[in-house]
Amino acid sequence: KWLYSYLKNYGLAIIALTFLIKMLLFPLMYKSMKSMAKMSKLQPQLTALREKYKDDKEKLNVEMMSFMKANGYNPIGGCLPILLQMPIFFALYRVLFNSMELYQAPFYIWIHDLSSPDPFFVTPILLTGLMFLQQKVSPTTTMDPAQQKMLQIMPVMFGAFMLMLPSGLTIYMVVNSVVSIAQQWFLNKKLGIKPGVPAAVTAS
């Protein structure tokens, strides 16, 4: 509502709010990606430890924790920033899904009611394409072919799910994806992360 008082358009207010929140949460994303990049550099040594102690799980866990401690790596460090973001995005999702202010509120061109689905499905289709692109620029977390195949069809499934949701919500998801892609591209350059290369996994 505060942004609407300046922008006079709830669609623009959603875009501005999404951008501001993504900027505020960027330090958490940076910390998570930095932790992932560090873990990737330690992966060859961890792989050697897994091979050396493959028949002794207890000894393996002790050696891995000792190794990570010696190298200043906290396995929780990569997950915690992402977990902290989830309640914020969930709250935004619920607010936009139930917002009475969006009822019959126009955006631009073909979207005349932000509380109704996109009549031409432009934003859900755009979101599907952006999610595919986001996968391309992000480091993968698995080498398992079955899991990779599931990840590849997720954008299509998510896009289909968004077809009947309010266009105000799909606008939020589209802007969120665009900013996420830009931030990931920046972090890839800064931290030397290679898109599509499996990220390190701490589980034994």
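**Exercise 1.** In this predicted model, find what a side-chain oxygen of Asn9 reaches at the start of H2.

*Solution.* Go to the start of H2 and pick out the side chain of Asn9. One of its oxygens comes to within 2.7 Å of a backbone nitrogen, and that nitrogen belongs to Gly11.

**Exercise 2.** Let's follow H2 along its length. How far does H2 reach from its first C-alpha to its last, and where does H2 bend?

*Solution.* First, the length: H2 covers residues 10–52, which gives 43 residues. From end to end, H2 reaches 59 Å, close to the 63 Å expected at 1.5 Å a residue. Next, look for the kink: H2 bends by about 50° at Gln43. Now check what comes after Gln43: a proline, Pro44, follows within four residues.

**Exercise 3.** Work out whether H2 and H3 are roughly parallel or roughly antiparallel.

*Solution.* Start with the axes: those of H2 and H3 (residues 57–70) come within 11 Å and cross at roughly 150°. Angles over 145 degrees count as roughly antiparallel, so H2 is roughly antiparallel to H3. The handedness of this crossing is right-handed. Finally, the residues that meet: among them are Met39, Leu42 and Leu46 in H2, and Leu60, Met64 and Phe67 in H3.

Note on methods:
Residues are numbered from 1 along each chain as its sequence is written. This is a predicted model: local features need pLDDT of at least 70, side-chain atom pairs count only at pLDDT 80 or more; totals for chains, interfaces and linings use all residues. Side-chain values use heavy atoms; hydrogens and water are left out. Helices (H or I, at least four residues) and strands (E, at least two) are DSSP runs, numbered from the N terminus. The expected span of a helix is 1.5 Å times one less than its number of residues. The bend at a residue is the angle between axes fitted to the seven residues ending there and the seven starting there. A polar contact is a pair of N or O atoms within 3.5 Å; within protein, one must be able to donate a hydrogen and the other to accept it, and residues adjacent in sequence count only if both atoms are side-chain atoms. Axes are lines fitted to C-alpha atoms, for helices over the stretch in contact, and angles run from 0 to 180 degrees between N-to-C directions. Angles under 35 degrees count as roughly parallel, over 145 as roughly antiparallel, 65 to 115 as roughly perpendicular and the rest as oblique. A crossing is left-handed if the near helix is turned anticlockwise from the far one by less than a right angle, and right-handed if clockwise. Contact means heavy atoms within 4.5 Å.
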